[in-house]
Amino acid sequence: MFFTYLRRELRRRKKAAIVISMGLALGIALVITVNSVSAGMSQAQGKVLQSLYGLGTDMTVSKAAAAASSTSGQPRFNFGARDDSKNQSSDRVMVQGFETLKSSVVTQVADQTGVKKAVGGLSLSVIKVSGTFDRGTFKQNQSAGGKPGGGGSGAPQGQVQGGGADFSINSFSVYGTDVANLDLGPLTSSKITSGKGFTSADTNAKVVVLDKSYAKTKKLTVGDSVTISGTKFKVIGIATADSGDSAANAYIPLQRAQTLADSKDKVTTVYVQAADSKKISAVKTAIQKNISGTTVTTSADLADTVSGSLSTASNLATSVGKWLSIAVLIAAFLVAALLTSSAVNRRVREFGTLKALGWKSGRVTRQVMGEAFVNGLLGGALGIALGLAAAYTVTAISPTLTASLGSTAGAGAGPGAGGGGRFGGAGGPGQQAASKALKIALEAPVSVNTIVLAVALAVAGGLIAGTFGGWRASRLRPADALRRVE
Amino acid sequence: MYKLSGVTKQYSRGKETVHALRGIDLVIEDGDQVVIQGPTGGGKSTLLQMLGALDRPTAGSIEFDGVDIAKLSETKLTRLRAEKIGIIFQSFNLIPTLTAQENVETALAPMGTKPAERRRLAAEALESVGLGERLHHLPGELSGGQQQRVAISRALVKKPKVLLADEPTGALDEGTRDEILALLDGLWKEYGLTFIMVTHDSHIAKSAPRLATIKAGQVTITDQARQTAPVSY
């Protein structure tokens, strides 16, 4: 009887059922879309952070960069002019940010309570100037004095013609990797897609792994060689960054990097993995307290420095999106409750008759709640379908968002500043902090939790509407069945 | 069966207090057929609500088989209505989305009758009023007379002790009215029911065995040709 009556009533009140279901569906679809887009934003932010830190890094320890004086630390290139138009080349290797930590700091950090692992790395910036630097030729003036052996001043009259410089500047970033600890640090966010990666035997080897984009630009492949400051490195592998943006153009063994930069036993950044991801804040405090002069930056600190359209969209999704979906849901619940209640009002005589026939209030209430519940479930199913379609559309379109990172200068800035792992083409020597814009394609992944939330909301919507209607129905008197006018 | 003593019913309509029943005393025996007649607003329907355990009096007592139903809990009143009282309404009050058979089944649902048994009893009840061919028709597909027959089947399928009818022919034409009255009269005798009918139709009132005239909330009983149905319970 319950199901027969339920089915027939839903069919009779098809329009109202559709309105209720559509309202709930809209709210639920919005919740799914906002949730999945927010998850996509978090994922995108994660990718941005991962491109800096690599996988598994919870925080970095670096030394805040001191403000650079106008000239100190700036590279100088000396070229002598020549007559033979021969190509000359000179390169300078500098530690990125100029501030280094002693390698012993890595051990100190690793010994702190709550630290699972600490690995050091050295960020270098290489500027290579190459080209021809020709001497000009003196051409004597024929009409004016200065005849050889003549009187007068005796100095030849004439002018220097030709000469000059034709050179190009190539700057790229190099990261010194601890080849004994390859599971932490920026290289973990890249995959070796050609050749091979480092092994612990490469501690002092003259080998290099190139970033795919850089290798493509310079037309370098596995087996080729790259010369950095007079040392020839063999390309053993090509790495492709997961996020499409790598931490450096080239990776070499840490010891080699230290030699190149004349920074023996120095690192710029210590990558730290905490033993418990929930105690990152405590570990940060411990490091800052026990190892003076260091700046500890967690991924949460870094996330705050993310700006650009990713940040704007993320804020929109979490604030406007959240409140919009809550508002639509509340409106949908209210509409469902009002329509259910109004349907009960129109069925006063019907329910009164059933009560007069001996139906208990609970039975009548269950019937009303059952109808509202099914409306809720229909709305939920429709909402999930709409939400999935919206999330799929966002993923299919994959709108590109830009994220700018770590542009804050001075002490206390994230890894984008000073000794952090931020380098690359845009970052040159003397630059306090290299801000970098990354392009991330937005996806909208729908998690099981989101679906469970949607189903829970649908059930809640149905129950709220049913409770309203059921409460009205339970209060009806059987005598109402005798009312002659409907 | 019914013994009403000093039954009073008042209710508020805005600021005004309406005295629907004013101290009614009335005895109705098992198997009686009583027609309650009176002007509109005289209290007919209110009295029927009291007899049908649909409402409680403001004062007084209504004994049904020796139990004061005015003092029964809501649950017990509901059970009393489900098991012992059948009601027919002027506008039939059928559920528009349910078929004739399903409408009759609604009276058996609160009694815990199993679905198969429910369907069988409902079909039998409809056959007994000549609607064996209309089991699966919706109320909208039936004439007024047929709808009232369905309502009668619904009231009688549970074999009640009392059949209450509120203007059962009020919405029917004359021919159908006589047909329904004849059917009710036959069922009253066949089932041995106590049959109480409210009407404002003087033609029906004149031919009633017992006539209760209600006016301004007070009732006068007249035994015109009193007879009782052979009580079968």
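1. Asp32(B) is buried, with a relative accessible area of 0%. Its salt-bridge partner is Arg210(B), and the closest N and O atoms are 2.7 Å apart. Asp32(B) sits in the loop between E2 and strand E3 (33-37) of chain B, while Arg210(B) belongs to strand E9 (residues 210-215) of chain B, so the pair ties together parts that are 178 residues apart in sequence. Arg210(B) is buried too, at 6% relative accessible area. The model is predicted.

2. A second pair in chain B is Glu105(B) with Arg118(B), where the closest N and O atoms are 3.2 Å apart. Glu105(B) is in helix H3 (residues 100-105) of chain B and Arg118(B) in helix H4 (residues 115-128) of chain B, 13 residues apart. Glu105(B) has 5% relative accessibility; the cut-off for buried is under 20%, so Glu105(B) counts as buried. Arg118(B) is buried as well, with a relative accessible area of 8%.

3. In chain A, the side chains of Asp183(A) and Lys117(A) form a salt bridge of 2.7 Å, N to O. Asp183(A) is in the loop between strand E7 (164-177) and strand E8 (190-195) of chain A, and Lys117(A) is in strand E4 (residues 115-134) of chain A, so the bridge ties together parts 66 residues apart in sequence. Asp183(A) is partly exposed at 47% relative accessibility, and Lys117(A) is partly exposed at 22%.

4. Chain A also holds a network of salt bridges that links Glu9(A), Arg12(A), Arg13(A), Arg347(A), Glu350(A) and Glu371(A). Over all chains, the count is 22 salt bridges.

5. A nonpolar surface patch in chain A is made of Ile18(A), Met22(A), Leu382(A) and Leu386(A), with about 340 Å² of accessible area together. Helix H2 (14-53) and helix H10 (361-397) of chain A each give two or more residues to this patch. Leu382(A) is in helix H10 of chain A and is partly exposed, with a relative accessible area of 36%.

6. Chain B has an open sheet of 4 strands in the order E2-E1-E4-E5, with antiparallel pairing. Strand E2 (16-28) and strand E5 (67-68) are the edge strands, each pairing on one side only. Strand E1 (residues 2-13) and strand E4 (residues 59-64) of chain B are joined by 5 bridges, and Thr8(B) stands opposite Ala59(B) in E4(B). Helix H1 (residues 44-51) of chain B lies across E1, E2 and E4, at about 60° to E2(B).

7. As for chain B overall, its secondary structure comes to 7 helices and 10 strands. Of its 233 residues, 58% count as buried.

Methods: Residues are numbered from 1 along each chain as its sequence is written. Chains are lettered from A and ligands numbered from 1 in the order in which they are written. This is a predicted model: local features need pLDDT of at least 70, side-chain atom pairs count only at pLDDT 80 or more; totals for chains, interfaces and linings use all residues. Side-chain values use heavy atoms; hydrogens and water are left out. Two strands pair if DSSP finds at least two bridges between them. Contact means heavy atoms within 4.5 Å. Axes are lines fitted to C-alpha atoms, for helices over the stretch in contact, and angles run from 0 to 180 degrees between N-to-C directions. Patches are made of residues with over 30% relative accessible area and no salt bridge: like charges are joined within 9 Å, nonpolar side chains (Val, Leu, Ile, Met, Phe, Trp, Tyr) within 5 Å. Accessible areas come from the Shrake-Rupley method with a 1.4 Å probe; for residues, only the protein chains shown count as cover. A salt bridge is a side-chain nitrogen of Lys or Arg within 4 Å of a carboxyl oxygen of Asp or Glu. Buried means under 20% relative accessible area, exposed over 50%, partly exposed in between (1.4 Å probe, protein chains only).
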